[in-house]
Amino acid sequence: MAIALVCPGRTTHLWIDLLKAQDPSLQVDVWPDLVPGRLYEMAITWNHPPGSLAAIPGLKCVSSLGAGVDHIMFDETFPEGIPVTRIVDAGLATEMAEYVTLMTLVFKRELFSHLERQRARIWRKDAATKQDRVLAVGVMGVGEMGSAIIRSLTALEIPVVGWSRTTRHPQLSRSYAGPNEFRDFLGATNILVCALPLYRETEGILCRETFYSLPHGSYVINVGRGRHLIEEDLLSALDDGQVAHAALDVFRTEPLPEEHPFWSHPHILLTTHIAAITRPENVARQLVENYHRVCANEPLLNTVDRSRGY
Ligand SMILES: NC(=O)c1ccc[n+]([C@@H]2O[C@H](COP(=O)([O-])OP(=O)(O)OC[C@H]3O[C@@H](n4cnc5c(N)ncnc54)[C@H](OP(=O)(O)O)[C@@H]3O)[C@@H](O)[C@H]2O)c1
């Protein structure tokens, strides 16, 4: 009975300590140094090499180390029938809400223009402000992350609209759902936030058609996944001013290659996938709880609907 940690490139000793602090009898081994002949009921993973999970003997459950599970779901060798769980954590959602609120305020209060004026030593009190021109922040995905974003923005009295697959968010007076309402949603927002899970249906959703359905001069914030975004479409929408600025936390290739044009684009503010980070001390308990449940054949916490994709 053991847990396999399959998180290449990550420091694992803190994870092991915190998991064992929950249950000192736990056996936790780090992939690829798994013990031959030992059965691993659970794997905890982040960016595992495709194929590695399928080769682990005894697997009854795989948990993502984060809120997203795209790295597991896109692995075509991952066996069907093994339940997948993810992290649901209030601290993670709060960090995400902080990040999106920060970027919204950067755009709303035109921080880019003020920084330019500072660099040029220009004192102007008539600073153009888009305060009155913020139609609404449009949040794509109103789940754990989206809901925290919505709470944070509405607390600042910033208008918000939401869009999801099926859910109409109860806190919003304008909430859209499904592909048929996507255009209306886009027309109602000029700060677009992507907080969607990545799977077949949402891949490439931040594309030319989406950008040109927004009012001219809108803003885009991507905190979902890099593969939500068609990078060339964003660059050309920025070139002709259809998108005024973008804040990007996630990228198709991470780390973002040094020569990538996003690094030096004057209208892109980028961060290195840090919008919301899983804190081991906050989530070790839910991981060990799921391990105990899997061993006892009990229903798991925070399961993903594999047929749906998220
Ligand atoms: N950058 C970071 O640091 C960071 C940190 C954490 C998470 N994330 C990203 O945030 C994502 C969302 O996490 P979460 O915990 O909020 O997920 P969640 O609770 O599962 O919520 C997902 C939301 O997206 C909606 N959705 C799914 N497919 C859709 C579609 N085809 N069209 C429209 N809406 C759709 C869902 O609609 P329904 O309500 O109708 O199901 C739901 O509202 C994660 O998957 C991850 O990629 C990024």
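Before I go on, a word on what we are looking at. This is a predicted model, where local features need pLDDT of at least 70 and side-chain atom pairs count only at pLDDT 80 or more, while totals for chains, interfaces and linings use all residues. Residues are numbered from 1 along each chain as its sequence is written, and side-chain values use heavy atoms, with hydrogens and water left out.

T167 places a polar side-chain atom 2.5 Å from a ligand oxygen, and M145 has a backbone N or O atom 2.8 Å from a ligand oxygen. On its own the ligand has 950 Å² of accessible area, and the protein covers 93% of that; these areas come from the Shrake-Rupley method with a 1.4 Å probe, and for residues only the protein chains shown count as cover.

Who else is around? There are 29 residues around the ligand, and R86, M145, T166, T167 and Y310 come nearest; to be near, a residue needs a heavy atom within 4 Å. The shell has 14 nonpolar, 9 polar and 6 charged residues. Here Ala, Val, Leu, Ile, Met, Phe, Trp, Tyr, Cys and Pro count as nonpolar, Asp, Glu, Lys and Arg as charged, and the others, Gly among them, as polar. Helix α5 (144-155) and strand β7 (160-164) each supply at least two shell residues; helices (H or I, at least four residues) and strands (E, at least two) are DSSP runs, numbered from the N terminus.

Let's follow β7, where we find V160. Is V160 buried or exposed? V160 is buried, with a relative accessible area of 9%; buried means under 20%, exposed over 50%, and partly exposed in between, with a 1.4 Å probe and protein chains only. Leaving out residues up to four places away in sequence, V160 touches A136, V137, V139, I150, L153, T154, L172 and R174, where contact means heavy atoms within 4.5 Å.

The largest nonpolar core has 50 residues, and V223 and L287 have the most contacts inside it. Such a core is a set of buried Ala, Val, Leu, Ile, Met, Phe, Trp, Tyr and Cys residues joined through side-chain atoms within 4.5 Å. Helix α3 (residues 90-108) gives the most to this core, with 7 residues. A second, separate core has 29 residues, including W163 and V220.

Next is S64, in strand β4 (residues 61-64). S64 is buried at 0% relative accessibility, and a polar atom of its side chain lies 2.7 Å from the backbone oxygen of G68.

I'll finish with some backbone geometry. Most residues other than glycine have a negative phi, and most peptide bonds are trans. In this model, the bond from W31 to P32 is cis, with omega near 10°, and a cis bond also joins E254 and P255, with omega about 0°. E110 has a positive phi of about 50°, and H273 has one near 55°. E110 is buried at 8% relative accessibility, whereas H273 is partly exposed at 24%.

How values were computed
Polar contact = N/O pair within 3.5 Å; in protein donor to acceptor, adjacent residues only side chain to side chain.
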